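Work through the exercises below with the structure open beside you. Try each task before reading its solution.

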Amino acid sequence: MKSHYKAVVIGGGVVGCSVLYHLARAGWTDIVLIERSELTSGSSWHAAGGFHTLNGDPNVAKLQAYTVKLYKELEEVSGQSCSLHLTGGVMLADSPERMDFLRLAHAKGRYLGMDTELITPSEAKAMFPLMDEKHFVGAMWDPVEGHLDPSGTTIAYSKAAKKLGAEIVLRNPVKELTQQPDGTWDVITEQGTVHAEHVVNCGGLWAREIGRMVGVELPVLAMEHMYLLTEPMPEVEAFNKETGREMIGVLDFKGEIYTRQERNGILLGTYEKACKPWDFGHELLAPDLDRIAPSLEVGFRHFPGIANAGIKQVINGPFTFAPDGNPLVGPVQGLTNFWVACGVMAGFSQGGGVGLALSNWMVNGDPGFDVWGMDVARWGEWASLRYTNAKVRENYSRRFSIRFPNEELPAARPAQTTPLYDTMVGQNAVMGDSWGLETPLWFAPKGSEPKDIVSFHRSNDFEHIGNEVKATRDKVGITEIANFAKYEVSGTGAEDFLNRLMTNKMPKKGRIVLTPMLNEFGRLIGDFTIAKTGEEKFMIWGSSAAQKYHMRWFEKHQPKDGSVRIHRFDQTLVGLSIAGPKSQALLQKLVDVDVSSKAFKFMDFREMAVGGAPCMVNRITYTGDLGYEIWMQPAYQRLVYKAIKDAGQEFGIVDFGMRALLSMRLEKNFPTWFRELRPIYGPFEGAMDRFIKLEKNDFVGRDAAAKEQAAGPKLKRVSMIVDALDADVMGDEPIWAKVNGKDFGTVEKTHDFGAPRFDGSGKEVRGSTAAQGASAVRGTKDGEWSVVGWVTSGGYAHYVGKSMAQGYVPAELADNEGAGMFEVEILGHRRPARINIEPPFDPSGEKMRG
Ligand SMILES: Cc1cc2nc3c(=O)[nH]c(=O)nc-3n(C[C@H](O)[C@H](O)[C@H](O)COP(=O)(O)OP(=O)(O)OC[C@H]3O[C@@H](n4cnc5c(N)ncnc54)[C@H](O)[C@@H]3O)c2cc1C
């Protein structure tokens, strides 16, 4: 072990070894992996070794697809076999709802490049004769599934990394981490201190403890997990002999079971409801068949062929989860050069993608993919140990349960509340979780239970959201907006700093602008409302969930000379929004200044007392109607709310929730962050043209944006009206077009940083390969029709009475309505759709301007 390295990777499980390999492959060879014991001595050696590409988040699914494709390269480079068995697998649906879920997953696969197929239970049985098909209504076949040898694969990563120049030090626990004033790290190990520019926490089961060495509480929790191996089974041997094939992998949602062939027997694992967190420190766990008995009972009914087999061995091992089950990857906000790649619950499906994304990020400053679904920045301070404990148990026990689009999960709630929480609950609000904050979604009628009936179809909230929207648009409505991100940027350098980060020119004092933010590659990484509130002071509002993500970016670019101060308010600033034609008259009753449209214009900002409380007021709302956003300290929120409600009685004021707000933004064609606008899109693709001022000054991403504009975007964000039946789009549905076989090519939604890759014979090749992962427009064909794009979000626009969707299509199809030419696939049914160029509500913006 040397005394200095560019990077130290802590932990020699599959994830640490993959990170080491990918860093070396990207050209960093002055790197070392330090392992407490032997390689694979954490979760990795227990693993059942299964892999698949399916994931609820399409961007994570792409990284899983990359992982699976990588194994061949890994074997070539390392000379070590991973014992790959690419058997394919089926997911079995036992109910119509589960079949809807599979139809959705299958439809998503159409633009992800996945070749899944919906099949009947009998077809599934032909591939896995141990099942009883009478328990199922259908299935989905995925050819890219299989299993491998977990230890062999981890060793293959390590050998490949060493071949490229990386070092590995075993039996050497990292004891402490201290940061030097220049941001570099002293890594204090049992064998001595190592100095490094970067540290990566790949501590797996011990990732939380490594986080604590630097004062960070990572939201990960280890859970016990069991699978069993049967004795050799004559049925399996007969099947192999007859067909010349191995049995496939099977996932049974109802039984919470996964199963596959292992040697000449069967491996069967379960995500049981009575799940159990790992008792820290106990690495060898005793089997506990009683705990998984309910799942086994269902499993043996569904797979009678397995019920009679003898059990050879039961493995019980721990592995870690984040509260939503996806990994924690990236640089930790507030620290310099401290990286994490942990909480990886499916190391053999995700480890390669995690290693690629993290190494891209460390070496090139960007993960190269849209990795929001696994970015460590997606959790806030509220994701405490208590929160994580409750959420991980919920996630584990629901691993095979359906998550409906209108389903709010109850564990660890409420985490954060505003002063109006009790008032809202008292008014029969159905509450939702918005980045850890309880937020009203809709208001149920008095006397009824405030509860969503979960469904893929329109549900019990439909009529009531409609009423909230209509009353707001016809009269006036009020809603809570505490769940926005709010920042103040101040100091002598504030304006220059913001002009350097944002694409739009900063406003004059008392005015507001809307502005996207780009990374160096000209991709959208933010979308904000900014008001100039003082000579050297700006308020910024943005997406709540992106607070840590954006703070990390702001801090990275903050001048070191103290000329710019950045403050994130979080819940120390809360808000209310009023909207609708009567909102101006209502506000006028509560303030001592003139708020007529002449004196307080659209996109103006003022500080004023509202109902006696000091507030900041923006003359803008996301409803796209005449309206205001009113911001105050929490201590004043109840006062302001009561004043508005009292004064609003004469105008017929109603409360509306987040779902009504999102419905109203749809009929204005407004995009949302993380749905329409994400780091895979350019600003012109995202139809944000009017906010991109290429001529104003040099800003981050300007050159790339100029190139995108000059070349013309390949895709374009559009808004559509869909002839839906009783279900609206949710996001990720394919968009079909009647293009008579025209091929729009593939749009890569990744960056190729030019790192070397290896072809099938182990030779180094450069440039984009399948290993780059994502393809965006694939062109699944059906006669004259092809899949040309995808939906990002949508729903029912209640005021205009239309089902609407937003999404991306090839730019050349985006300029006109295309009536008769588009279809959107909702729950397996292709419904006619047309592009909606002008927003259906207030297309001229007359009402909004007032
Ligand atoms: C029973 C079971 C079945 C599973 N089945 C599958 C499956 O079929 N498919 C799948 O993809 N995944 C499966 N998994 C999950 C899989 O094992 C994990 O996703 C994966 O192993 C995580 O790897 P890791 O590198 O993040 O963590 P780990 O394997 O836990 O590695 C962390 C390493 O860090 C080292 N370390 C910790 N602290 C220090 C320190 N202070 N100094 C130095 N070194 C340190 C540890 O010794 C350890 O080697 C299963 C897990 C279990 C338990």
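This is a predicted model: local features need pLDDT of at least 70, side-chain atom pairs count only at pLDDT 80 or more; totals for chains, interfaces and linings use all residues.

**Exercise 1.** Decide how the side chains of Asp-324 and Arg-378 meet, and state where each residue lies.

Solution. Step one: the two side chains form a salt bridge, with 2.9 Å from N to O. This is within the 4 Å cut-off. Step two: Asp-324 sits in the loop between β16 (311-321) and β17 (328-331), while Arg-378 sits in the loop between α10 (347-364) and α11 (385-397). The pair links distant parts of the chain, 54 residues apart. Step three: Asp-324 has a relative accessible area of 32%, so it is partly exposed. Arg-378 has 7% relative accessibility and therefore counts as buried, because buried means under 20%.

**Exercise 2.** Determine which parts of the chain are tied together by Glu-667 and Arg-473, and whether each residue is buried or exposed.

Solution. Step one: the side chains meet in a salt bridge of 2.9 Å, N to O. Step two: Glu-667 belongs to the loop between α18 (658-666) and α19 (702-711), and Arg-473 to helix α13 (residues 462-474), so the pair ties together parts 194 residues apart in sequence. Step three: Glu-667 counts as buried at 0% relative accessibility, and Arg-473 is buried with a relative accessible area of 4%.

**Exercise 3.** Work out how helix α1 is oriented relative to helix α2, and which residues make the contact.

Solution. Step one: the axes of α1 (residues 14-25) and α2 (residues 58-78) come within 13 Å and cross at roughly 70°. Step two: angles of 65 to 115 degrees count as roughly perpendicular, so α1 is roughly perpendicular to α2. Step three: α1 contributes Tyr-21, His-22 and Arg-25 to the contact, and α2 contributes Tyr-66, Leu-70, Glu-73, Leu-74 and Val-77. Step four: sorted by type, the residues of this contact are 5 nonpolar, 1 polar and 2 charged.

Technical notes: Residues are numbered from 1 along each chain as its sequence is written. Side-chain values use heavy atoms; hydrogens and water are left out. Helices (H or I, at least four residues) and strands (E, at least two) are DSSP runs, numbered from the N terminus. Buried means under 20% relative accessible area, exposed over 50%, partly exposed in between (1.4 Å probe, protein chains only). Axes are lines fitted to C-alpha atoms, for helices over the stretch in contact, and angles run from 0 to 180 degrees between N-to-C directions. Angles under 35 degrees count as roughly parallel, over 145 as roughly antiparallel, 65 to 115 as roughly perpendicular and the rest as oblique. Contact means heavy atoms within 4.5 Å. Ala, Val, Leu, Ile, Met, Phe, Trp, Tyr, Cys and Pro count as nonpolar, Asp, Glu, Lys and Arg as charged, and the others, Gly among them, as polar.
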